[in-house]
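Dear colleague,

Please look through the model first and then read on.

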Amino acid sequence: MNATIIDPLQGDFPEVIEEYLEHGIVKCVAFNRRGTLLAAGCSDGSCVIWDFETRGIAKELGDSANVAAITSVCWSKYGHCILVSAADKSLTLWDVVKGEKIARSTLQQTPLQARLDPGSATPSICLACPFSSAPMIVDLHTGTTTVLPLSLSDSGNGVAPQPRTKFSDGSAPFTPAAACFNNHGDLVYVGNSKGEILIIDHKTVKICGIVSIPGSAVVKNIVFSRNGQYLLTNSSDRTIRIYENLLPLKDALKSLNAANNEEDEKDEVEKLKAVGSKCLALFREFQDSITKVHWKAPCFSGDGEWVVGGAASKGEHKIYIWDRAGHLVKILEGPKEALIDLAWHPVHPIVLSVSLTGLVYIWAKDYTENWSAFAPDFKELEENEEYVEREDEFDLIPETEKVKDSGINEDEEVDIMAVEKDSTFSDSDVSHDEIRFLPADPCPDVPEQQDDRLVLSNSQLVDGSLSLSPLSEEAGQNGHLSNHESSPFEDDMVGMRLKKKRKNPEKVLSSQADNVKKTPPK
């Protein structure tokens, strides 16, 4: 697609299903920060890495110890490692290039989601959100865990919570909490079942601020935009909320501690809420006021201009796209399969949706060319018109070009070595090598199976007397027909073509005999 003739007034969001990826039963997907590689966790415990440019499988991570379904995948900042959480309560850190296991840790509960520290180039710290316990910081090399507080009372500064009824196995009832790092990894934002967002210094396990969500709805998802300026929450009241991050992108912890020192509130809760109001400000709310649908895997676009969320209805594959101003701009309707995960490409207007059947659908933009959008002197014609050329239009050196002065200094040296820094990846550190592509592992050729029904014996061939189709001649030379995969429609068409072109050998021989009889003697 020629980018110079694309209409800039078209929305920069996907519209149609371009293709789909299939490898086993995929449960979750994640792009690397460049969008060149795609990691997918499967139900058999393997992690597949696609080269997203060629759509070919570049690497498959897994061994006999990993057979449980994958619950989440996460890339390290520069793409050297992948963190995989599984249903067998394990966290596994993989070396992407070597395909080897770096570290493995087992938790007491199944981690629904795990995220690596985004502030470290070689991360060993991750944030895990187990199914039935509070979020925790896990050191993958030592295996030590630090449970994060879900309320002020959990941090030891308040009254202990009242005991609640327990399940049959003795465990206390618990609503899974959502948590995420900020962009530099010095703070953790935790959404609890009380409708609060806790801002926590995970190194000291101290609550530094509290933000109350309208309606006190349970927080199910929480995620930052790529640039760190906005925070998204998905609550049980079927509303997606966008908060503006008021803290600086760098040294957010220092600013937060300074805000704590400035507050003189006697009540600890009121003080933390006052600090929280200086950290996050409610920006927008998104919901479907008609259907009141629950949302699945909401996230930002790569540039933070769009918000996408999947409908959590059974048997529906609907994706809602809003602009940051709060307007619903598009509803994408896919196949009649439930949606379980979403991912927006970091750079391009491409969305991936994972269905319940394990297919990964690639939604892309349906580009329409508008030549007049970029060429004001280009005239679009409704019908053919007669054109009268100029007198010097086809001269080797037209008079109009003789007068023109290009204004280009042809003696100026062109710098072809310097690389301009991409603002999209402004947080990149040139001192670290980033993995953008992986060498593809060629798949071994599968031996073709010979179909005995299509083998032509030599007895059926008459010397130069049979008129066979090109396909039949090739089959006769090779001894069999290639057994390629094809659709039933293609098989029917090939069969019809063979029936039309092939002749019955007996009829051919009889007709030739008649021709010999009818030929007059010379």
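A search of the whole structure finds nine aromatic pairs, where rings of Phe, Tyr and Trp (its six-membered ring) pair if their centres lie within 6.5 Å, and planes under 30 degrees apart count as stacked, over 60 as edge-to-face and the rest as tilted. One of them is the tilted pair of Tyr20 and Tyr361, with 6.2 Å centre to centre and 55 degrees between the planes. Because Tyr20 lies in strand S1 (residues 16–21) and Tyr361 in strand S28 (residues 360–364), this pair ties together parts that are 341 residues apart in sequence; strands (E, at least two residues) are DSSP runs, numbered from the N terminus.

Tyr20 counts as partly exposed at 46% relative accessibility, whereas Tyr361, at 8%, counts as buried. Buried means under 20% relative accessible area, exposed over 50%, and partly exposed in between (1.4 Å probe, protein chains only).

The rings of Phe286 and Trp322 are also tilted, with centres 5.2 Å apart and planes at 40 degrees. Both Phe286 and Trp322 are buried, and together with Trp295 and Tyr320 they form one aromatic cluster.

Please keep in mind that this is a predicted model, in which local features need pLDDT of at least 70 and side-chain atom pairs count only at pLDDT 80 or more, while totals for chains, interfaces and linings use all residues. Residues are numbered from 1 along each chain as its sequence is written, and side-chain values use heavy atoms, with hydrogens and water left out.

Technical notes:
Helix = DSSP H or I, 4+ residues; strand = E, 2+ residues; numbered from the N terminus.
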